[in-house]
Amino acid sequence: MKITVLDDYQNIVRTLDAYKLVANHDVTIWNDHTKDENILAERLKDTEALVLIRERTPIRAGLIARLPKLKIISQRSVHPHIDVPALTERGIVLCSDMHPGKPSYATAELTWGLVLAAMRKIPQEVAALKAGRWQSTMGLGLRGKTLGIYGYGRIGAVVAGYGKAFGMKVLVWGRDTTIERARADGYSAARNKEAFFEECDVISLHMRLVEGTRGIVKAADLARMKPTALIVNTSRAGLVEPGALEAALKAGRPGMAAVDVFEAEPVLNAAHPLIGMDNAVCTPHIGYVEKNGYESQFTSSFGQIVAFLEGKPINVVNPQALHSTRR
């Protein structure tokens with residue numbers, strides 16, 4: 001089978017143990033990134049199985065119509081970047097392992113790494129030391145401070161546990177169901193959203209980006225934060241009102257931000273205002289980019305292709321496509 005993998009930035013896929021599942025197939029792997037439909041159509045014209053790395057490349061109806069040999073798209077997790085009805089219409093199967101009940105520990109760990117890096121000003125001190133200076137900033141400790149978890153889901157719960165281990169008071173805000181879950185785990189809920197932003201020293205966002213959460217963090221919310229506070233976003237950039245975070249950092253409330261996600265990715269040539277700000281720590285969406293996580297992700301993605309070829313497809317998002325006369 002002709003299999004194509006897109007967006008392998010680190011050129012790592014062939015080195016994974018999971019690659020053995022498809023090593024006997026005709027596999028093409030692209031290490032660069034493009035959203036250009038014409039380029040993608042040319043690259044994928046002979047592809048029968050397409051493997052996507054999370055949401056890096058959108059697969060819309062116009063492109064799908066130009067891929068006559070495509071039989072299956074295999075990936076892991078949510079799929080807002082894929083036009084599922086267009087796939088179904090053409091009899092193309094989408095398989096996506098939603099890994100229920102399994103949090104992304106890699107993302108939770110990066111979140112905590114960003115908290116420590118920003119609060120203790122680790123990137124600034126590393127840069128200063130390389131430039132020949134010694135102790136040029138004053139960081140802030142975590143013990144005794146308040147960690148705010150906005151969205152107590154799988155990852156948020158893990159990050160809350162890290163905060164507790166560091167001696168922080170954990171405060172939660174979100175939907176009623178998440179607040180109830182947090183209380184059952186022994187954490188407190190804020191009195192209201194306004195109090196949440198006012199009282200927390202560190203706020204970490206942990207929500208999916210859907211219509212109801214887009215822009216859920218407003219400029220007014222950020223303006224309530226302390227000048228010494230930090231906001232961390234390893235979820236989705238769209239959770240914050242467009243332009244609000246940059247403006248808030250310039251105004252000094254909150255005093256710091258740490259982000260792993262951007263509105264349009266990849267961000268190249270430092271072409272985003274947050275990257276040039278001294279009070280922002282920025283990483284290139286590496287929350288889930290970790291060796292064990294990649295092994296798990298590609299074991300799922302390649303395993304779904306194997307199951308499809310054996311006539312026993314798994315994790316099928318659009319089962320109607322299995323019975324399409326177009327296949």
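Visitor: In E4, which residue is the bridge partner of Ala49?

Guide: Keep in mind that this is a predicted model. Strand E3 (residues 49-51) and strand E4 (residues 72-76) run parallel and are joined by 3 bridges. Ala49 belongs to one of those bridges, and its partner in E4 is Ile72.

Visitor: What is the order of the strands in the open sheet of 5 strands?

Guide: Let's come in from the edges: strand E2 (26-29) and strand E5 (93-97) each pair on one side only. The pairing in this sheet is parallel, and the order is E2-E1-E3-E4-E5.

Visitor: And helix H11, what angle does its direction make with that of E4?

Guide: Helix H11 (residues 291-309) packs on that sheet, where it touches strand E1 (2-5), E3, E4 and E5. Compare its direction with that of E4, and you get about 155°.

Visitor: Which residue does Lys71 meet in a salt bridge?

Guide: Lys71 sits in the loop between helix H2 (61-64) and E4, and its partner is 23 residues away, in the loop between helix H1 (37-43) and E3. Lys71 itself is partly exposed, at 38% relative accessibility. The two side chains come to 3.6 Å, N to O, and the partner is Glu48.

Visitor: Asp97 and Arg76 form a salt bridge too. Is Arg76 buried or exposed?

Guide: Their side chains meet at 3.8 Å, N to O. Asp97 lies in strand E5 and Arg76 in strand E4, so the pair ties together parts 21 residues apart in sequence. Asp97 has a relative accessible area of 14%, so it counts as buried. The cut-off for that is under 20%, and Arg76, with 12%, is therefore buried.

Visitor: How about the salt bridge of Glu199 and Arg191: is Arg191 buried or exposed?

Guide: This pair meets at 2.8 Å, N to O. Glu199, at 29% relative accessibility, is partly exposed. For Arg191 the relative accessible area is 63%, and exposed means over 50%, so Arg191 is exposed.

Visitor: What is the handedness of the crossover from E10 to E11?

Guide: Strand E10 (residues 230-233) pairs with E11 in the parallel sense over 4 bridges, and Ile231 stands opposite Ala257. Between the two strands, the chain passes through helix H10 (residues 244-251), and this β-α-β crossover is right-handed.

Technical notes. Residues numbered from 1 in each chain as written. Predicted model: local features only at pLDDT ≥ 70, side-chain atom pairs only at ≥ 80, totals over all residues. Heavy atoms only, no water. Pairing = 2+ DSSP bridges. Right-handed = clockwise from strand over helix to strand, strands pointing away. Contact = heavy atoms within 4.5 Å. Axes fitted to C-alpha atoms, helices over the stretch in contact; angles between N-to-C directions. Salt bridge = Lys/Arg side-chain N within 4 Å of Asp/Glu carboxyl O. Buried < 20%, exposed > 50% of the residue type's maximum accessible area, 1.4 Å probe, protein only.
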